[in-house]
Each structure stands twice: as C-alpha cells, then as structure tokens.
Amino acid sequence: MKVYDQQFNQNEWFVVIVLIVTFFTISKLPRRFSKATTYTLVLMGIFIGMFADHTISIPPFDFYDVNDNSAYKVFDFFTYVMYGPFGYLFLYFYDYLQIKGLKIMLYIILWTSLSIFMEYIASSLGVFHYKRGYSLLFSIPIYLWIQSLVIVYYHLLKRKTSSL
C-alpha cells in the first residue's frame, strides 16, 4: 500500500467544500424534478462516478489512487459522493436550457471541460494520484462517453415518467 499523507489536509478540505457548495447550490435552485427523480439523478451520479473510478483505478488498470493512500478509505466514499451533485446539475441545466440537436455536443464538451478543470484542481490538491503513465487528458474521452450516456439515460427516464 502506497501512502501519500496521513493528515486531514487540502484534499479532504477540497472534498468537504465541494460537497457543501454543490449540495447548497442544489437546495437553492428552483425545483425542476420530483423528489424521487432528484434523488435518482444524484444517486446515479454517485454510482457512475464510483463505477468509472473503480473500473480504472483498481487492477488490472490501476491508473490512480484516491486521497491519502492506495487502500480504500472512508473519505474515498465522500470523494465519490461529489459526483452526485455534478450529475444532477448536469441534467438540471440540460433540462432547463432545453438543449437539442447539435447543441447537445457543445453542452457535453462544455461539461467535459468543467470536469477536466475540477479534476485538475482535485489532482493538484492530492485527491487523485496518477500512476502508470495516466494523465488528465486520458479522462477526456471518459467524460465525453459518460456524459453522453447520462443524456441517453435522461431521455429514457423522461419517457418512463411524467415527473420530469
């Protein structure tokens, strides 16, 4: 097990601040979805983030470690919870702005840029520790693919429920 640090410092503060700011933002936005749909979208974001991260951050890929060491710790879970509000906000503004046609590609590219920026800050503060040649740029196709799938899921969910 590789240890990066053992103190509550900038990487943990980054996670705490992002969680507070993003959940506060969600609570202050006008309601757009039912409570059930809101919880579903937040949980979907957490699940997708955790699934994607665990797919490439554990063997055989093992491209990076999260937070203070290579073992899974409780604070790693809170790191994955950060993906929840971002997933919700991604679909909230998608629905609010009524994005259609080719603008969907522009919207996904814009959110991928935001995601890369947030990942850059997180990795700079010690949330992510890249290894085995992995770089931030490798995350771009992952964000593009996942955000495209999330929009497809949103439209499937919208067809199944009238609460969206």
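This report covers helix packing, a cavity, a pocket and some backbone features of a predicted model.

Residues are numbered from 1 along each chain as its sequence is written. In this predicted model, local features need pLDDT of at least 70 and side-chain atom pairs count only at pLDDT 80 or more, while totals for chains, interfaces and linings use all residues.

**Helix packing**

Helices (H or I, at least four residues) and strands (E, at least two) are DSSP runs numbered from the N terminus. Helix α2 spans residues 35-57 and helix α3 spans residues 74-81; the two pack at an angle of about 120°, with axes 8 Å apart. That makes α2 oblique to α3. Angles under 35 degrees count as roughly parallel, over 145 as roughly antiparallel, 65 to 115 as roughly perpendicular, and the rest as oblique. Axes are lines fitted to C-alpha atoms, for helices over the stretch in contact, and angles run from 0 to 180 degrees between N-to-C directions.

From α2, the residues I46, G49, M50, D53 and H54 make the contact, and from α3, F77, Y80 and V81. Contact means heavy atoms within 4.5 Å. By class, this contact has five nonpolar residues, two polar and one charged. Ala, Val, Leu, Ile, Met, Phe, Trp, Tyr, Cys and Pro count as nonpolar, Asp, Glu, Lys and Arg as charged, and the others, Gly among them, as polar.

Within α3, the residues D76, T79, Y80 and V81 are buried. Buried means under 20% relative accessible area, exposed over 50%, and partly exposed in between (1.4 Å probe, protein chains only). The cover over the buried residues of α3 includes α1, α2, β1 (64-66) and α4.

**Cavity and pocket**

The structure holds one cavity of 30 Å³ or more. On a 1 Å grid over the protein atoms alone, a cavity is a set of points where a 1.4 Å probe fits but cannot get out; a pocket is an open set with protein on both sides within 12 Å along at least five of seven lines, and lining residues have an atom within 4 Å of a point. Grid points are joined across faces, edges and corners, and a volume is the space filled by probe spheres set on the points.

| Site | Volume | Residues from α2 in the lining |
|---|---|---|
| Largest cavity | about 570 Å³ | seven residues |
| Largest pocket | about 220 Å³ | seven residues |

The largest cavity is lined by 29 residues, with Y83, F86, S115, Y143 and Q147 nearest its centre. Its lining has 21 nonpolar, six polar and two charged residues. At least two lining residues come from each of α1 (10-28), α2, α4 (83-96), α5 (103-124) and α6 (139-160).

For the largest pocket, the lining has 13 residues, and I48, F51, A52, W145 and I146 lie nearest the centre. The elements giving two or more residues to this lining are α2 and α6. Twelve of its residues are nonpolar, one is polar and none is charged.

A cis peptide bond with omega of about 15° joins P59 and P60, and P60 is in the loop between α2 and β1. N67, in the loop between β1 and α3, has a positive phi near 65° though it is not glycine. N67 is buried, at a relative accessible area of 2%. Q98, in the loop between α4 and α5, is another residue other than glycine with positive phi, about 50°; Q98 is partly exposed at 40% relative accessible area.

Terms used: Heavy atoms only, no water.
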